[in-house]
Amino acid sequence: MARAGRKAGGSVEAGRVAESFPQETVSRRTLRSETVLVLALSLGASAVSALISFIGSLTKPGGLKDQAATLNGSYAPGRPWLDLAWQTFSIATALVPVALVAHLLIREGAGLRSIGFDRARPWFDLGRGTLIAAGIGSAGLAFYLGARAAGFNLTVVPESLPDVWWKFPVLILSAMENSIVEEVIVVGYLLRRLDQLGWSPMRSLVASSLLRGSYHLYQGIGGFIGNVVMGVVFVLLYRRWGRVGPLVVAHTLLDVGAFVGYALLAGKVGWLPTP
């Protein structure tokens, strides 16, 4: 593609989402350093990697749409059990920054419940998340196809895993990992810290949305713009609901649809681009 001390699922005022929770008596400098370190260990580093990848694609002979960006590929072709070990290791280690965020929030007396990543309102999260995914999914696919046709995007290959028994479970776990990392860090944690640092809601919205777009830049200009728009929508919904739960559900459903849908349809329908 979301924490304040209110009832889960309740409306959160458009001001600071951090004000309703007790905070550690830490300096603004410490909060800034902590935020930079969390991002450097996670999606901030991914943004730099995506930028380097995009520059490489731009400077490579041929158009962007003639190049491919593979999201879930094999780590050990021809060795399925070793491949599975690498896949699970990659998913597990990608979640370490989320564990760090949970530790930091617990340390200040809040925990993940402060950003609405808990089991307090499961049906609320599932219902709202499903509606978000339904609304964004079709529009996102149409935008991707248009951006690629216009030459602004690489051909995105959601998966190129071998046809083995663990293929679909790994794709689903990968979708869950993506959604948890992105929504917990780029929406819940980042907005909380920026509120504590005194940023305005609009400035925080811009920062979160641009960060989301930047680490998708490896897909091309279309991937960047589409995810910035998604970031704006997700931040606004988070401000309204005070929960990342629905956003995690929506993002998971979108990625499962993309990964599994591609695995089932690639090469079988004419409208789905393949390398």
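**Figure 1. Helix H8 (residues 221-241) supplies four residues, the largest share of the nonpolar patch.** The model is predicted. The surface patch is formed by Phe-143, Phe-152, Ile-221, Ile-225, Val-229 and Val-233. Together these residues have about 480 Å² of accessible area. Val-229 is one of the patch residues and lies in helix H8.

**Figure 2. The whole chain has nine helices and two strands.** From the N terminus the order of elements is α-α-β-α-α-α-β-α-α-α-α. The C-alpha trace spans about 55 × 35 × 35 Å along its principal axes. The radius of gyration is 19 Å, which agrees with the value near 19 Å for a compact globule of 275 residues. Of the 275 residues, 47% are buried. The accessible surface comes to about 13,100 Å², and carbon and sulfur atoms account for 66% of that surface. The chain carries 25 positive and 16 negative charges, whose mean positions are 5 Å apart.

**Figure 3. A salt bridge joins the side chains of Glu-34 and Arg-107.** The N to O distance is 2.9 Å. Glu-34 belongs to helix H1 (residues 28-40) and Arg-107 to helix H4 (residues 96-107), so the contact ties together parts that are 73 residues apart in sequence. Glu-34 is buried at a relative accessible area of 10%, whereas Arg-107 is partly exposed at 38%.

**Figure 4. Asp-125 and Arg-243 meet through their side chains in a salt bridge.** Nitrogen and oxygen are 2.8 Å apart. Asp-125 is in helix H5 (residues 122-149), while Arg-243 is in the loop between H8 and helix H9 (245-265), so this pair links parts 118 residues apart in sequence. Both residues are buried.

**Figure 5. Lys-167 forms a salt bridge with Glu-159.** Their closest N and O atoms are 3.3 Å apart. Lys-167 is buried, with a relative accessible area of 5%. Glu-159 is also buried, at 7%. Elsewhere, salt bridges with shared partners join Glu-34, Arg-107, Glu-108, Arg-192 and Arg-193 into one network. The chain has eleven salt bridges by the rule applied here.

**Figure 6. Gly-44 of helix H2 (residues 43-58) is shown with Arg-212.** The C-alpha atoms of Gly-44 and Arg-212 are 9.3 Å apart in space, although the two residues are separated by 168 residues in sequence. Gly-44 has a relative accessibility of 19% and therefore counts as buried, the limit being under 20%.

Technical notes
Residues numbered from 1 in each chain as written. Predicted model: local features only at pLDDT ≥ 70, side-chain atom pairs only at ≥ 80, totals over all residues. Heavy atoms only, no water. Patch = residues over 30% accessible without salt bridge, like charges linked within 9 Å, V, L, I, M, F, W, Y side chains within 5 Å. Areas by Shrake-Rupley, 256 points an atom, 1.4 Å probe, with all protein chains shown as cover. Salt bridge = Lys/Arg side-chain N within 4 Å of Asp/Glu carboxyl O. Rg over C-alpha atoms; globule rule 2.2 N^0.38 Å. Buried < 20%, exposed > 50% of the residue type's maximum accessible area, 1.4 Å probe, protein only. Lys, Arg positive; Asp, Glu negative; His and termini not counted. Charge placed at Lys NZ, Arg CZ, Asp CG, Glu CD.
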